[in-house]
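Subject: Structure handover

Hi,

Here is the structure you asked about. My notes follow below it.

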Amino acid sequence: MTRAADRDHRYERTLLWRFSLVGLVVTVAAAAVLGYLLQRVLVAGALQSAAEIAARHVTAAVRPALSRVHLAGPLPPDVHQALHTIARRDLKGGGIVRVKIWNRDGVLIYSDAESEIGARDPDNRELLEALAGHTEAELSR
């Protein structure tokens with residue numbers, strides 16, 4: 001082999017090495033991004049499913065104790081006590097930590113944390129989504 005042929009051969013190996021290294025970096029980066037996105041989609045789906053199950057459970061437990069009249073203003077003491085009993089007895093064990101009932105005006109008419117009752121939040125994004133028929137939940141750690 002001549003010197004020029006030897007130099008061309010080394011250049012080709014260096015070029016192949018660079019191409020392989022860039023290919024490896026691109027493949028690993030693409031796999032990491034795809035894995036991250038897939039993980040986010042799976043977690044979001046699991047959380048949405050858990051929220052829908054919890055919403056059905058809360059609705060089934062609370063609906064018999066409420067009527068449309070109750071949603072207009074402050075709850076009568078007997079209804080409040082009935083909801084409090086339901087929240088403590090039926091809902092706390094199913095992974096449900098807080099129970100809040102808002103009316104369409106953005107007023108909190110029931111909460112298991114009684115100091116929050118009467119709070120107003122008409123611009124609450126989660127409340128607006130819930131009123132539009134979407135299941136909303138908040139994940140707490």
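**Core**

In the largest nonpolar core, which has 15 residues, V62, L66, L75, L83, L91, I101 and Y110 touch the most other members. A nonpolar core here is a set of buried Ala, Val, Leu, Ile, Met, Phe, Trp, Tyr and Cys residues joined through side-chain atoms within 4.5 Å. Buried means under 20% relative accessible area, exposed over 50%, and partly exposed in between (1.4 Å probe, protein chains only). Helix 1 (3-62), helix 2 (77-91) and strand 2 (108-111) are the elements that give two or more residues to this core. Helix 2 gives the most, with five residues. Helices (H or I, at least four residues) and strands (E, at least two) are DSSP runs, numbered from the N terminus.

L91 is one of the core residues named above. Not counting residues up to four places away in sequence, L91 touches H57, V58, A61, V62, I86, I96 and V99. Contact means heavy atoms within 4.5 Å.

**Conventions**

This is a predicted model: local features need pLDDT of at least 70, side-chain atom pairs count only at pLDDT 80 or more, and totals for chains, interfaces and linings use all residues. Residues are numbered from 1 along each chain as its sequence is written, and side-chain values use heavy atoms, with hydrogens and water left out.

**Helix 2**

Helix 2 has 15 residues. From first C-alpha to last, helix 2 reaches 20 Å, close to the 21 Å expected at 1.5 Å a residue. The expected span is 1.5 Å times one less than the number of residues.

The buried residues of helix 2 are V79, H80, L83, H84, I86, A87 and L91. Seen down the helix axis, they fall within an arc of 160°, so they line one face of helix 2. The arc is that of the directions from the helix axis to the C-beta atoms. The face turned away from that buried side carries the exposed residues P77, D78 and R89. An α-helix has 3.6 residues a turn, so residues three or four places apart point the same way.

**Three residues to look at**

- H80 sits in helix 2. H80 counts as buried because its relative accessibility is 15%. Leaving aside neighbours within four places in sequence, H80 is in contact with L75, Y110, E114 and I117.
- A65 lies in the loop between helix 1 and helix 2. With residues up to four places away in sequence not counted, A65 touches H70, V79, L83 and I86. A65 and H80 are 15 residues apart in sequence and 9.1 Å apart in space, C-alpha to C-alpha.
- A51 is in helix 1. A51 counts as buried, at 8% relative accessibility. A51 and E136 are 85 residues apart along the chain, and their C-alpha atoms are separated by 6.8 Å.

**Whole chain**

The protein has three helices and two strands. Along the sequence the pattern is α-α-β-β-α. Of its 141 residues, 20% count as buried. Among contacts with a separation of 6 or more, residues 24 or more positions apart account for 38%.

**Confidence**

The mean pLDDT of the protein is 81, and 88% of its residues reach 70 or more. pLDDT is the predictor's confidence in each residue, from 0 to 100. Among the elements, helix 3 (residues 125-131) has the lowest mean pLDDT (79) and helix 1 the highest (86). Where pLDDT is low, the predicted coordinates should not be read in detail.

Best wishes
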